[in-house]
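Here is a briefing for a first look at this structure. Please keep the sequence and the 3D view side by side as you read.

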Amino acid sequence: MSSPPPQQPQARRSAGDSKKNTPPASNIVTRNGARKAKIQTRAMSSGAKPSASVASVKRRAQQKKKHCVDTVLRDHYQIAMDSKTKVKGPTGFVTEPRMAEHRCLWDDNYPECPERLTSVINRCQELGLIEQCKQFDPRAATKEELNTMHSQSVFELLETTHQNQDLQYLEEVSSRYDAIYIHPSTHELALLSAGSTIDMVDRIVSGEIQNGAAFVRPPGHHAMRAEPCGYCFYNNVAIAAKHAIDKRGLNRILIVDWDVHHGQATQQMFYDEPRVVYFSIHRYEHGAFWPNLRQSDFHYTGCGRGTGHTFNVPLNKTGMADADYIAIWTQLLLPMALEYQPELIIISAGYDAAVGCPEFSPQLIVVSAGYDAALGDEKGEMEVTPACYAHLLNMLMSVCPSVCVVLEGGYCLPSLAEGAALTLRTLLGHSPPALEKTGEPSDEIRDTILNCIYAHKQHWRCYNYQHTYSTDGVPNVCDRAKQKHTVSVRWEGDETRLERFLTRDCYPVQDNETKRKIMERLNHLRLVTDLTIPQHAVNYIFDQAMLKHKNICEPGHVECPERIQRIHERHRDFGLLERVHQLNARTATDEEILAVHTVKHLNRLKELASTKLRDLNNQKEQFDSVYFHPDSLESAAVATGCVLQMVDTVLSSGGAGVCVVRPPGHHADDDLPSGFCLLNNVAAAATHAVHNHGLKRVMILDWDVHHGNGTQRITYGDNKILYMSIHRYDHGSFFPHSKDADHTAVGEGRGEGFNVNIPWNKRGMGDAEYMAAFTQIVLPIAYEYNPSLVLVSAGFDACVGDPLGGCAVSPECYGRMTQLLRALAGGRVVLGLEGGYNITSISHACTQCTKALLGDPLSHHYDNTPVNPSAVDTINDVIATHKKYWKSLKFQLALPAENVLEDPLPSRGLTITEEDRSEMSFDSSKTQDDTIEALASLTIKMDTSIKSPDVSVKCSDGIHCGTDDEDQEHSKNTSSETSIPEPQAGSSNSEPPKETLVDYLAANMQAIVDGEMFAVIPLPWCPHIDGLSELPSDVKFEQGLKCSQCDERSEVWVCLHCYIRACGRSVNAHMESHYASSSHPLVLSLSDLSVWCYECDAYVDNPRLFPAKDNAHFHKFNEHMPYCYRSDTLHME
C-alpha cells in the first residue's frame, strides 16, 4: 500500500469498531484468497485482461459459493428472556466439627490450630449466616480422586500415620517436610477436607446450588504432587478443579488465591493447563518471604498450552491495605476475568493478609480463601480489613455467579473470623458493608501491577491502556514526555531445600503491645461496620400519573408513556413485583423543586396546565428537543417526588431502589427544559440527600448515552456530589452538542475534580467498552471517594437496538454494572430511569438491573471482542485529566516496547521443558488488538503429516494458486489427447517459474515473525462509510492527474466525499489539509487503491467502498476489479 496521508502512523484497531451486522474481513491467507490476490497482482503489473480459463475458474468458484450459506443468528434479548426463571439459588455450606481434632501435639502455640476453624464457625453463627445456607455433610475423598493430582506415595505415607499414637514418629515424619505437623487423625481429616471441597464444587457446577463455601482444614494450596507442605496435605482446590474438568467438562476455571502465601503447589499443578487460570496475590519481598521460590514472581506466567494462564502478583512490602487489593482487582483481575469469562471461580480464601495477621466471561470461580493478609495477622503483616474481602468477592461474583470459597490460611483469629463470616454473608447475596476511606494505592503495588501487565499483555487483549517506549537504540523523541516504568526482576531468596525442618517455635510471634493495638483497630472496625440486614433488599416505585405526559401533536414520539408502562409490565411478567417492596408515589413540593431549579422555570411549567394545545406546540420550538402537555408538570413532579421518596426510604431503612419514572431529567438545567427533560430528578435527589439527610459524599453515575448536561451544570461546583458520566460525544457532534461533555470539564471551585466525563467519540460502543470504563475509571474513583449514597441516572439508550443511541450494550451488561455498584455505600444504590427509546431494550435492561440488586445470577454472552481503540483513547484521556485529583488513577505509565526480561529460571518443584520455554518466549509484536492478532494468524505451517500442494498442477494460465478448481482443470488437461511438451533445459523458450503470493509469504515468513515485515489489516467497517453518497456516473478516477494544489502526480489521493484530488503526506500533505478544512475523513489512493479514514486513523476495506475502488481499478488497468467480498454469509447478532 502507498504511504497513508495522515501525520501519525496507523493506530491499531480492534473488531470493536466493526458494525455488528457487517461481515468481518478474513485475516487468514487461504488458497482462494491467495488466488484472488494473485489475479489482481498480475493485472496490475501487466495491464492485461485475465485469460478465459481464469475467468472460467472465477465463475465456477462463484457458483460454488452460492450453494453454501453460513448463518450466525443471535437474539440480543435471549439471555435476558432466559433469565426470567433464574433466581437467586441457595448457598451451599460444608464443614466438620471433627476437623478441630487436627492440632500440633508437641507445640501448643502452633499458629495452624483448631481455633482457626471454630472461631470462624462461631462468628458465622453469631450473624445467623449458617442457617441461611443449604448445609451438606462432609465426605472423604477417594484414593482415585487424590491420585488425579497427587502421587500415590503421599497417600501411602499419610496412611501410616493414621491413628498412630507414637508422637516421636509423627514429629520425625513431620520434620521431613516444610511447615508440617501430623496428628493421628490428620489423614482422615485431610481426606474429608478434600472430599468436601470436591462435593461442593460438583454441586455448584451441577446447578444444585448457586455458590458455596467449604470451611475446612487442614488447608491445601501448598500441598504438592509428591509431598505435603505448609500445613497442607492434599490440595483441596486443585483436586476439585480437576474433578470439574474431568467429570463435568468445564473448560474455563478461574482460581483466585488471596492467601498471603503463594499457593505454589496449585500453580505447579496447572502451570501448563489452558483450562485453568491461576491468579495469586501473595507476599513475596523479592523471594525473601516463604515459600521463598523464584516461581512466585510476576514473570512466571505458565508454559506450553498454559502460557499466559498463571498470574503472580507479588507484594514486595508489608502493610498493603484495602486500596492496594482493590487496585489489583480493577487493574488486573477484573479485566482478565471479563475477557476470560470463566465457567467456575474457586477462591483459595486465606485471610492471613488481614489486619492483625502476622503473615500477610467463567464457568467456575474457585477462591483459595486464605485470610492471612488480613489486618492483625502476625504471619502476613498486611492490613486488609475484614470488610474488604466481601468487596473483592462481590466483584468476582459479577463476573460469574458460580463461585466456591475454600478456606486456606489466616492466623489472627478475630480478623480471620470476621473476614470469613463477611465472605459467607456476601455469598448469601447481601451487599458488602461499607469500607472506611481506602486512600491511595502504594507505589509498590503500582510497580507490581505494571510488571504483571507487561508480562501478560502479549497474552490478553485487556491490557492495552499503557503506552510503550523503546529501550533499543536512539531514544524516540515521542518517548521523552512519557512517564516510564522500568520492568525488572529482583531475587533475594534462597531455594535450597533443607533435609530437616524445624517443628517447634518456627513462626513469628507478636508482642503484647502490638496485639493490643491490633485488637483496638479490629474492635473499632467491628463497631463502625454496619451489618444490619435491611427489611427489604430492593424497593420499587412506579405511578400511573407519569403516563399523562405525552406528545399529542406527534403520537409516535420516542419519549412516550409506553416506556415506563412496558418496564412495569416486564417486572410483573418476571415475577419481580412480588419480590420487591413497592412504595407509594408522591409529588415533589415546590420547595424541593426549587432546590435545583429557578422560580422562573417552575412558573413556566405551571402555566402549561392552562395553555391551549396549539400554543403548547408552538412553545416547544423555544427549547431544545422537548414537548409539552397540560399535565406535563404533574407527571414531572411525580417523577421527581418518586426519586426523593426512594432516597428517603433507602437512607432510613437501607436496601436499594429502582425508580421507573418519566419524563427523564438529566438534561433539565436549573432554568431550562431540554432533551425530553423537564425537572432534574436525580440532581434534586442528590441535593435532597445532602441538605436534608446531611450526607457529605453522594455519587451520581450517569450511564445514559447522552451527556447529562443539566445535572453537570447543577452540581458543577459542589464537592459533596461526585458526578460521573459515560456518554457518546463524537467530538461534540452528538446531542447535547456541547464541549462541556468532554473529559476536560472537571468541575469548578470547590467542585473541581468532582466532575468526571467519559466521552465516547464513536458509535457502536458495547459491553467491552463499558466494562473497561468501569474497571479503569468508575470503580477506582468510586472506591477512593467512598460515597454514602449512589444515584444512577439509568438511561438505557446505549442499549442494543436503541434508535437514538447507536451503541450496543446488552441488557445483561447493565445488570453487571449494577451488581458492581451494589458494593458501594453499603448497598444504598438508587436507579432513576432516564432515556432509552427501544421499548423492548429498556424493559429488559431495567429488569436485569432489578434482578442484579436482588442477587439473581446473571448470564452473559461469551464474546471475546476487544475494547474499541477509540474507547481506549477516551479512557486514557480521562485518566490523564483526572489523575491529579484521584490517586487511584496512577497506573498509566509507559511500558517497554521490547522484551527486557530473561527467560524464567528453573525453580524448585516447577518443571519447564525447552519446548515449553519456546512457547513462553516474549513476542513484542503480539498485542491485544485485531490488527496485530491478524498478523499473528498470518502463518504457513509446514506439517510433515500433510502433503505439500503439487506444484506441477497449475491453472491453465500456468501459475499454481492452490485452489480446488485446479484439480478439475488438471484432469481435463491430462485427459486430453494433445499435451504441451515440457521445455528442454537450456532452451531459449524456458522461463523461470512465476512466484505466487503463497510462495512469497512462505519465503518471507521469518521476516514477518521477526517484525521486519508486517501486514496492514484494514478495518472491515468504519462509521464514516455511512456518510458516503452513491458514486455519480460521471465521476472518473483517472490516473496521471495532478494534485489540485501542486504538480504532484505519483502519490495522489481522492476524497470520497467531494472527489477532490490532493497529494499524500509523503509529498506536500495537501489531502491532510483538505481533511482539516472539510472534515471529509475517507480518501482513496490512486496508487494502490487503498482507502484511509482520518477519523478512525486506519485503512478501511468494506463492500460499500467497492464501486470507488472498481472505478479507479478500471481506469488504471482497463478492466473491472474482481469482487472478493463474502456477500453470501448472513451475520445477525
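Helix H25 (residues 839-854) lies across E12, E14 and E19, and runs at about 165 degrees to E14. Contact here means heavy atoms within 4.5 Å. Axes are lines fitted to C-alpha atoms, for helices over the stretch in contact, and angles run from 0 to 180 degrees between N-to-C directions. Helices (H or I, at least four residues) and strands (E, at least two) are DSSP runs, numbered from the N terminus.

The model is predicted: local features need pLDDT of at least 70, side-chain atom pairs count only at pLDDT 80 or more, and totals for chains, interfaces and linings use all residues. Residues are numbered from 1 along each chain as its sequence is written, and side-chain values use heavy atoms, with hydrogens and water left out.

**The eight-stranded sheet**

- The strands under H25 belong to an open sheet of eight strands with parallel pairing, in the order E13-E12-E14-E19-E18-E15-E16-E17. Two strands pair if DSSP finds at least two bridges between them.
- Strand E13 (581-583) and strand E17 (755-760) are the edge strands, and each pairs on one side only.
- From one strand to the next, the twist averages 15 degrees.
- Strand E14 (residues 656-659) and strand E19 (residues 829-833) run parallel and are joined by three bridges. Val658 has Leu831 as its bridge partner in E19.
- E12 pairs with E14 in the parallel sense over four bridges. There, Tyr540 has Val658 of E14 as its bridge partner.
- E12 also pairs with E13, again in the parallel sense, over three bridges. Ile541 has Leu583 of E13 as its bridge partner.
- E12 is covered on both faces: Val538 and Tyr540 on one side, and Asn539 and Ile541 on the other, are all buried. Buried means under 20% relative accessible area, exposed over 50%, and partly exposed in between (1.4 Å probe, protein chains only).
- Helix H16 (residues 562-573) lies across strand E12 (538-541), E13 and E19. H16 runs at about 135 degrees to E19.

**The five-stranded sheet**

- A second topic is an open sheet of five strands with antiparallel pairing, in the order E22-E21-E23-E24-E25.
- Strand E22 (1061-1063) and strand E25 (1098-1100) stand at the edges with a single partner strand each, so one side of each has no neighbour in the sheet.
- The twist in this sheet averages 40 degrees from one strand to the next.
- Strand E24 (residues 1091-1093) pairs with E25 in the antiparallel sense over three bridges. Val1091 stands opposite Val1100 in E25.
- Helix H32 (residues 1070-1078) lies across strand E21 (1052-1055), E22 and strand E23 (1082-1085). H32 runs at about 120 degrees to E22.

**Leu1056**

- Leu1056 lies in the loop between E21 and E22. Leu1056 is buried, with a relative accessible area of 5%.
- Leaving aside neighbours within four places in sequence, Leu1056 is in contact with residues including Leu1028, Phe1037, Val1083, Val1091 and Leu1105.
- Leu1056 and Ile1025 are 31 residues apart in sequence and 9.6 Å apart in space, C-alpha to C-alpha.

**Nonpolar cores**

- A nonpolar core is a set of buried Ala, Val, Leu, Ile, Met, Phe, Trp, Tyr and Cys residues joined through side-chain atoms within 4.5 Å.
- The largest has 252 residues, and those with the most contacts inside it are Phe215, Trp329, Met336 and Trp703.
- A second, separate core of 22 residues includes Trp1021, Ile1025, Val1054 and Leu1105.

- Helix H14 (residues 443-456) has 14 residues. H14 reaches 20 Å from its first C-alpha to its last, close to the 20 Å expected at 1.5 Å a residue. That expected span is 1.5 Å times one less than the number of residues.
- Eleven of the 14 residues of H14 are buried, so H14 is largely enclosed by the rest of the structure. Their cover includes strand E7 (310-315), helix H11 (322-340) and strand E20 (895-896).
- In helix H6 (residues 152-161), the buried residues are Val154, Phe155, Leu157, Leu158 and Thr161. Seen down the axis of H6, they fall within an arc of 165 degrees, so they line one face of the helix. The arc is that of the directions from the helix axis to the C-beta atoms.
- The buried residues of H6 pack against helix H5 (143-147), helix H7 (167-174) and helix H8 (186-206).
- Gln163 follows H6, and its phi is positive, near 55 degrees.
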